[in-house]
Amino acid sequence: MQRPDWAPDTIDIERPSVARMYDYYLGGSHNFAADRAAAQAMVAAVPEAPLMAQANRAFLRRAVHHLAEAGIRQFLDIGSGIPTVGNVHEIAQRLDPQSRVVYVDVDPVAVAHSREILAGNERAVVVQEDLRRPEAILTHPDVRKLLDLSEPVAVMVVAVLHFVSDDDRPAELLGTLRDALAPGSHLVLSQASDDGRSKDERAEAERVYQRTDNPLWVRSRAELTALFDGFELLDPGVVWVPEWRPDTPESAEDAERAVFMGGVGRLGG
């Protein structure tokens, strides 16, 4: 397969990437045959896969819009993925051009394209780092330069945690981020859930993602709720993402087929 100009030399284009699979679900063009084959296998196992990606993206949009309207002007988007329509900085800076956004992703394609999009935007930056290294994120020079952690920050961990195993102690990772935040900060979480799914569906989805470097770890509503430890959940709590403050009642119909659950919590104090 010919390597396109936008693909860094360091990536294996024959091995599926979860970031590029997600890009495919969203109708993007920054993916390879291996990504498309894995994504299509996922669709065969869970036909709602593209819809769940779109529903999750809509959840991110609504959460950012709500927080920006509530006065949050700093956003740390961890696991931001390959840029598509409706990025955090576009939403936040539309409401207030002074809003500052740091994107974090481990995928080199996502980082390269984010840098292209953010060129010339002094209030948005991307760094290449991993959620499993929260201290490295918090102490990164670009994070420190753009964000003031003594003031409220919205931390976005959207569609990422299902690639973090229990062995990586996700509660501790989020706890490290929480302990660095000022009162009034928020945490936005979403991840794939197996609530209401058959064992066969879960097993097949897990088999698909075993092809990638990021196996799938689905969690229940109770497990996701527990990850908001130290935060006060905003209404309606942890729900299927179309049910989180939907634009219209109709947009929340058949919400359980969205696969992703999510919620937003506020840090008191």
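**Close-up 1. The lining of the second largest cavity, by class, has 4 nonpolar, 3 polar and 2 charged residues.** In these classes, Ala, Val, Leu, Ile, Met, Phe, Trp, Tyr, Cys and Pro count as nonpolar, Asp, Glu, Lys and Arg as charged, and the others, Gly among them, as polar. The model is predicted, with local features needing pLDDT of at least 70 and side-chain atom pairs counting only at pLDDT 80 or more, while totals for chains, interfaces and linings use all residues. Residues are numbered from 1 along each chain as its sequence is written, and side-chain values use heavy atoms, with hydrogens and water left out. The second largest cavity holds about 60 Å³ of space, and its lining is made up of Ala19, Tyr22, Asp23, Leu26, Arg57, Ser80, Gly81, Ile82 and Thr84. Helix α1 (residues 18-25) gives the most to this lining, with 3 residues; helices (H or I, at least four residues) and strands (E, at least two) are DSSP runs, numbered from the N terminus. A cavity here is a set of points, on a 1 Å grid over the protein atoms alone, where a 1.4 Å probe fits but cannot get out, and lining residues have an atom within 4 Å of a point. Grid points are joined across faces, edges and corners, and a volume is the space filled by probe spheres set on the points.

**Close-up 2. The largest cavity has a volume of about 90 Å³.** The structure holds 2 cavities of 30 Å³ or more. Of the 13 residues that line the largest cavity, Ser80, Pro83, Asn87, Tyr103 and Ser114 lie nearest its centre. The elements that give two or more residues to this lining are α3 (49-69), α4 and α5 (108-118), and the largest share, 3 residues, comes from α5. By class, the lining of the largest cavity has 6 nonpolar, 5 polar and 2 charged residues.

**Close-up 3. Asn87 lies in the loop between β1 (74-78) and α4 (88-95).** Its relative accessible area is 6%, and Asn87 is therefore buried (buried means under 20% relative accessible area, exposed over 50%, and partly exposed in between, with a 1.4 Å probe and protein chains only). When neighbours within four places in sequence are left aside, Asn87 is in contact (heavy atoms within 4.5 Å) with Arg57 and Tyr103.

**Close-up 4. Leu161 and Ala159 are placed in the loop between β4 (154-158) and α8 (170-179).** Leu161 is buried, with a relative accessible area of 1%, and, apart from neighbours within four places in sequence, its contacts include Leu131, Pro170, Leu174 and Trp217. Although Leu161 and Ala192 are 31 residues apart in sequence, their C-alpha atoms are 8.2 Å apart in space. Ala159 counts as buried at 13% relative accessibility, and its phi is near 60 degrees, a positive value in a residue other than glycine.

**Close-up 5. A cis peptide bond, with omega of about 5 degrees, joins Asp235 and Pro236.** Pro236 has its place in the loop between β6 (232-233) and β7 (239-240). Arg245, found in the loop between β7 and β8 (260-266), has a phi near 45 degrees, a positive value in a residue other than glycine. Arg245 counts as partly exposed, at 33% relative accessibility. Most residues other than glycine have a negative phi, and most peptide bonds are trans.

Conventions. 1 Å grid on protein atoms, 1.4 Å probe; cavity = no way out; pocket = protein on both sides within 12 Å on 5 of 7 lines; lining within 4 Å.
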